[in-house]
Amino acid sequence: MKISYNWLKQFISTDKNPNELSQILTDIGLEVEGVEEIQGIPGGLTGLVIGEVKTCQQHPNADRLRITTVDVGEASLLHIVCGAPNVAAGQKVVVATVGTTVYPLEGEPFKINKSKIRGEVSEGMICAEDEIGLGKSHEGIMVLPADAPVGSLAKDFFGVKDDYCFEIGLTPNRADAASHLGVARDVAAVLRQEVKLPDISSFKAGSGRLMPVTVNNTNACKRYSSLSISGVKVADSPEWLQEKLRAIGLRPINNIVDVTNYVLHELGQPLHAFDADKVAGSHIIVRNAKEGEAFVTLDEVERKLSAEDLMICDEEKPLCIAGVFGGLNSGVTGTTMNVFLESAYFDAVSIRKSSKRHNLKTDASFRFERGTDPDMTVYALKRAALLMVEVAGGEISSEISDIYPAPVKPFVFEVNPDNVRRLIGKNITDENIVDILQALQIQVASKDAGVLTVYVPPYKVDVTREVDITEEVLRIYGYNNIEMKQQIKASLNTSAKPDKEVIQNLVADTLIANGFIEILSNSLTKLAYADNEETVVKILNPLSSDLDVMRQNLLFSALEAVAYNQKRKNPDLKLFEFGKTYHMVDGVYEEEQQLSLTITGAQHTQQWNQPSQPVSFYDIKAAVDALVKRLNIRDLKTEDLESAHFSYGLQYVKGQKTLVKFGAVSTKALKKADVNGTVYYAVFNWELLLKAIRKNKITYKEVAKFPAVRRDLSLLIDQQVTFDALKNIAERTERKLLKSVGVFDVYVGDKLPAGKKSYALSFELQDEEKTLTDKQIDSVIQKLILNFEKEVGAEIRKG
């Protein structure tokens, strides 16, 4: 949400600069995510001064040029060559001095330099209004009144004021702050000021015919206020109104529509202006749509309506989806002369459902679906009507119609100050609490036996309980004024029953140290990514079709991150994520915490002395093994992985449960997420990992004096034979000299006999007392080959 600094100051009197005000807003819960300087005129007239033409003579080398001397308040006069036909001695003019950048209405900005024009020195430029953005005329230079002060800044003379725009990250519960008035109320509470509301005392209702309004659904439309304005002239808005809208990122449209947008962002009350002459039967009917009824909205899209959609209609057709979006043929156009102006209070749930149903997000629906102020409709109507008459002419031609069958009452409940102090952790006096509440326009009606009875205005839709009052008091009192009374102690030492947070930090640190980057993705995803549609957890009121279920895996979250980076020329990735997956099993919701690792692209950036190598299966295996070793997890069985999400891979099993699966992601999964190349992925069962951790007992061993020897074997074996089985055979065959067994290649394909696979194993041999001889090494390898052939029918592949 964007808030203008100058606009905000119309509601409160403060000398706080934008940075100071930004800090106040953030401290009270309206976090300022950025502050942007907005110049009323491009360039802000910087470097332009008021000057007086002292002399004006014909240029000796050009018929259309004049040589002038200009006083700009400095010690010496400036010599300026000017081509304007109306330049003359004695004039007060606007001068762009040397070094100034000029921003014309058309064309690119340009810098004024000292130069020679047809042989004569020119030390600046006498400006026309279109050359500095003050108007469209280029018939000659601007000639100012005779009393214009020489040497003064043009910016001050023309009253140009720069503005600042606050980008506020508005949380969903702060509907009351979705306007300049709402933000001003909070700032005024901190500064203990009164909010200055716009003056509407000049409002005078007309005596003409009041367009009748019928509200059929008073549950969805709780209040409907309206009036008529006749004889307007639709045109461009005046500059002050356009500046206000542009300052908060809105594009001016025309004076009538601009006023509705202005009042919405000023007061937080959405309005809608109809062309009164297009209302069939001159009768407004607020009703629910007919199921399947067609309606063309302002974006020229035909939408099929639901019977739950609240509509603003005339006697023949729908005119507007209430609180969401207008219709194509009922809005204000350049030929509109008579306006019917609506200011309503709609049920938040009804508007939210219609907005989601039709995937329409507007400034009006943003506010209605969070909750607007039911007491603001008539005030906003008067404010808008006065502004429309001011900028578009015409007159207010009717009384105000205000249909309000069941007025919304304030929230009334009791608050115990002791509970407020207990939750805040600060001994705030009763008087201070009452003072803060009254500054927030929350009425404290009585105090009985130490308990306060409060009346909360309806626009504070999120303040309905004692705990909400506590939050309001804390916001204004100041989070920074609450001292920390207890030191938080933390330890990174693991124990027999490790702390989850400590282990998570340890794992994250290990991965980051190895070049991984942590990602955090949305738990909402689309149904196409589900593992099993029968156990999927569906969202009853989804934000969109792409966010309609809870995720059943972390894979596609990672792949979407890969796709996003690949499209931005960042293909080399090492990512990890801690997250939950969600399932519905036999009517019971289940959550599982997981850790995922993702590797794709190149191992490292290409260097002049080192070519780039693509990542491989062994990079993901190395990352998995590093974590297993770091956490001292033992007694794992290695099995081949069979999964729809993987082309091939392995899994480590602890007992009867799978601790981690890792391998190459399947082509089908990559295609779903629009990912190119090869991606290697691992996923840990986090809860099982925590249980499998063993306390590290660090022992020291002297480095062996004699070298280790490595030998490799390539085995053709049945597909059901696991690496663990081969490792067990090897360890039984040679217990003394064999130090480790590893797998460095796995192949399954059409080049092998059916039901077979190829394993390439590495064996590390070492004698800690002497150097191994070739005879000893060959003896061990022959025994390994013999036992592999005997126990699993392995065939040794050569060549």
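A salt bridge is a side-chain nitrogen of Lys or Arg within 4 Å of a carboxyl oxygen of Asp or Glu. The structure is a predicted model, in which local features need pLDDT of at least 70 and side-chain atom pairs count only at pLDDT 80 or more, while totals for chains, interfaces and linings use all residues. Residues are numbered from 1 along each chain as its sequence is written, and side-chain values use heavy atoms, with hydrogens and water left out.

**Exercise 1. Salt bridges**

Task: Determine what the salt bridge between D176 and K460 ties together.

Solution. 
1. The side chains of D176 and K460 meet in a salt bridge with an N to O distance of 3.5 Å.
2. D176 lies in the loop between β12 (163–168) and α4 (180–191), and K460 in the loop between β27 (451–456) and α12 (466–477), so the pair ties together parts that are 284 residues apart in sequence. Helices (H or I, at least four residues) and strands (E, at least two) are DSSP runs, numbered from the N terminus.
3. D176 and K460 are both buried. Buried means under 20% relative accessible area, exposed over 50%, and partly exposed in between (1.4 Å probe, protein chains only).
4. For contrast in setting, take the salt bridge of K304 with E302, whose closest N and O atoms are 3.7 Å apart; both of these residues are exposed.
5. A further salt bridge joins D767 and K770, with the closest N and O atoms 3.0 Å apart. D767 is buried at a relative accessible area of 4%, whereas K770 is partly exposed at 40%.
6. Salt bridges that share partners join R174, D176, D186, K460, E472 and R475 into one network. The total count is 37 salt bridges.

**Exercise 2. Cavities**

Task: State how many cavities of 30 Å³ or more the whole structure holds, and describe their linings.

Solution. 
1. On a 1 Å grid over the protein atoms alone, a cavity is a set of points where a 1.4 Å probe fits but cannot get out; a pocket is an open set with protein on both sides within 12 Å along at least five of seven lines; lining residues have an atom within 4 Å of a point. Grid points are joined across faces, edges and corners, and a volume is the space filled by probe spheres set on the points.
2. The search finds 2 cavities of 30 Å³ or more.
3. The largest cavity holds about 140 Å³ of space. Of its 15 lining residues, A175, D176, L267, G268 and D373 lie nearest its centre; D176 is also a member of the salt-bridge network.
4. The second largest cavity holds about 50 Å³ and is lined by P42, L45, T46, L48, T101, V102, Y103 and I132.

**Exercise 3. The largest pocket**

Task: Identify which element gives the most to the lining of the largest pocket.

Solution. 
1. About 800 Å³ of space lies in the largest pocket.
2. Its lining comprises 33 residues, and V257, T260, N261, H272 and L298 are the closest to its centre.
3. The elements that give two or more residues to this lining are α6, β15 (271–275), β20, β21 (325–326), β22 and α8.
4. By class, the lining of the largest pocket divides into 18 nonpolar, 11 polar and 4 charged residues.

Technical notes
Nonpolar A, V, L, I, M, F, W, Y, C, P; charged D, E, K, R; others polar.
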